[in-house]
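Subject: Structure handover

Hi,

Here is the structure I promised to pass on to you. Have a look at it first, and then read my notes below.

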Amino acid sequence: MALPLIVSGTRKKRDQMLAVDLGSRTTKAVHLQRQGDGLVLNRFVVLDAPIFEKSLSAELLGGHLRAVSQAMEVKTRLVAMTTNVNEALVRHVEMPRMPIEDMRLILKHNSRNYLQQDLSNYVFDCHFLPPGAEAAKSQKQKILVAGGKKQLVDDYVGGARSAGLVADHIVPGLIGPVNAFEMAMPEVFANEVVALVDIGFRSSSICILQQGELILSRVVTIGGDRMTGAISEAMSISYAEAEGIKVGMAGEVQSTLEAVLVPLGRELRASIDFFEHQQDRPVSAVFMTGGSTRSEFVLQVLQQELMIETRVWNATSFLKLELPPQQTAEIEHVGPQLAVAVGAAVAAL
């Protein structure tokens, strides 16, 4: 599902792509390359994200992308970047049948009619949703719309340029796990009703897919930072020590973590309940990604609240691995953190 807020002028088929997931605390990057009918993962990196107060400037982003590019040691100048889940809107709308280029212009100049908000300083992209039997005869088309502030897009493009890179795609972070899941579990994606949950640093997202179609998405403002912060405060220890306990020894701080995880689980469950009531279809399983999913305790508590089979999935499982030896040993551990970056690369390729 390609929903880029920007696509470079040429649409030649790409042979390789550097994809960068610009998280609030860590940046995750992957380099994917075409090989026959498949894709190869050549390298990945997880780096500390830049520290900034309000927004990431083009200058600061440029320096960070330069560091990512050097750490990756790749030759391609093409880069796909993702926005934070709170920096781009993803919304279902109905619009008259017309080319996507015309839809973008209409949304740019008349967003209030379709999105109930004045978003005149935004850029948009659209993805056609499959029509039902009756909708095929309608003059309107179901559309999934992505939008982001023009200033944000300009900063991303400028930052990439100052790092010696070309911004080929800018993709909403919310869409990354959906793209990666389609490749990693094509049968489940096409035939089942599932929820994808990505636990980020400040926020967590949930996307509910019904037989390959994104029906519902929501962002919950509870993430790994709140879990780690709660442990740090309760035990009077450093943030880094608290992060280690959260991942490795969460049972020792059970009550502290539950105080954060139970509200998160209930918010996610409310989204599932809403979907099941509206669509009259049960969600069969929840697939989770994000750094906090390395903790078995985190998964156990969320499964209790969600009341559905809940498991972690590896977004790199469909890729052929041609990694350096050390990274080959790490990939199973790191894979669930790379879902957004892998999904951005898939959209661009």
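Buried stands for under 20% relative accessible area, exposed for over 50%, and partly exposed for anything in between, using a 1.4 Å probe and protein chains only.

Before going further, please note that this is a predicted model, in which local features need pLDDT of at least 70 and side-chain atom pairs count only at pLDDT 80 or more, while totals for chains, interfaces and linings use all residues. Residues are numbered from 1 along each chain as its sequence is written, and side-chain values use heavy atoms, with hydrogens and water left out.

**Around E2**

E2 and E5 (residues 78-83) run parallel and are joined by four bridges. Strands count as paired if DSSP finds at least two bridges between them. E2 also pairs with strand E3 (residues 26-35), this time antiparallel, through seven bridges. Three residues lie between E2 and E3, and the two strands form a hairpin. Within this pairing, Ala-19 stands opposite Val-30 of E3.

**The five-stranded sheet**

An open sheet with mixed pairing has its five strands in the order E12-E11-E10-E13-E14. Its edges are E12 (213-220) and E14 (310-312), each of which pairs on one side only. On average, neighbouring strands are turned by 20° against each other, direction ignored. Helix H9 (residues 254-279) packs on this sheet, where it touches E10 (193-199), E11 (204-210), E12 and E13, and its direction makes about 150° with that of E12. Touching, or contact, means heavy atoms within 4.5 Å. For such angles, axes are lines fitted to C-alpha atoms, for helices over the stretch in contact, and the values run from 0 to 180 degrees between N-to-C directions.

E13 (residues 285-289) and E14 pair in the parallel sense over three bridges. Met-288 has Val-312 in E14 as its bridge partner.

**Cores and rings**

Which residues touch the most other members of the largest nonpolar core? They are Val-30, Leu-32, Phe-181, Leu-209, Phe-287 and Trp-313, in a core of 44 residues. Helix H12 (residues 339-348) gives the largest share of this core, eight residues. A second, separate core has 32 residues, among them Val-193, Met-227, Phe-297 and Val-298. A nonpolar core is a set of buried Ala, Val, Leu, Ile, Met, Phe, Trp, Tyr and Cys residues joined through side-chain atoms within 4.5 Å.

Leaving aside neighbours within four places in sequence, the contacts of Trp-313 include Pro-177, Phe-181, Phe-287, Met-288 and Pro-336. Trp-313 also belongs to a cluster that ring pairs form with Phe-181 and Phe-287.

A search of the whole structure finds three aromatic pairs. Rings of Phe, Tyr and Trp (its six-membered ring) pair if their centres lie within 6.5 Å; planes under 30 degrees apart count as stacked, over 60 as edge-to-face and the rest as tilted. Tyr-122 and Phe-124 form a stacked pair, at 6.2 Å centre to centre and 25° between the planes. Tyr-122 counts as buried at 18% relative accessibility, and Phe-124 at 4%. The pair of Phe-181 and Phe-287 is tilted, because the planes are at 55°, with the ring centres 5.0 Å apart. This pair links distant parts of the chain, as Phe-181 in helix H5 (residues 176-184) and Phe-287 in E13 are 106 residues apart. Phe-181 is buried at a relative accessible area of 0%, and Phe-287 is buried at 1%.

**Some single residues**

Two residues other than glycine have a positive phi: Glu-73, near 55°, and Gln-211, about 50°. Glu-73 sits in the loop between helix H1 (58-72) and E5, and is exposed at 60% relative accessible area. Gln-211 sits in the loop between E11 and E12, and is partly exposed at 44%.

Finally, Gln-327 lies in helix H11 (residues 325-334). Is Gln-327 buried or exposed? Gln-327 counts as buried, because its relative accessibility is 13%. Not counting residues up to four places away in sequence, Gln-327 touches Arg-43 and Phe-44.

Best wishes
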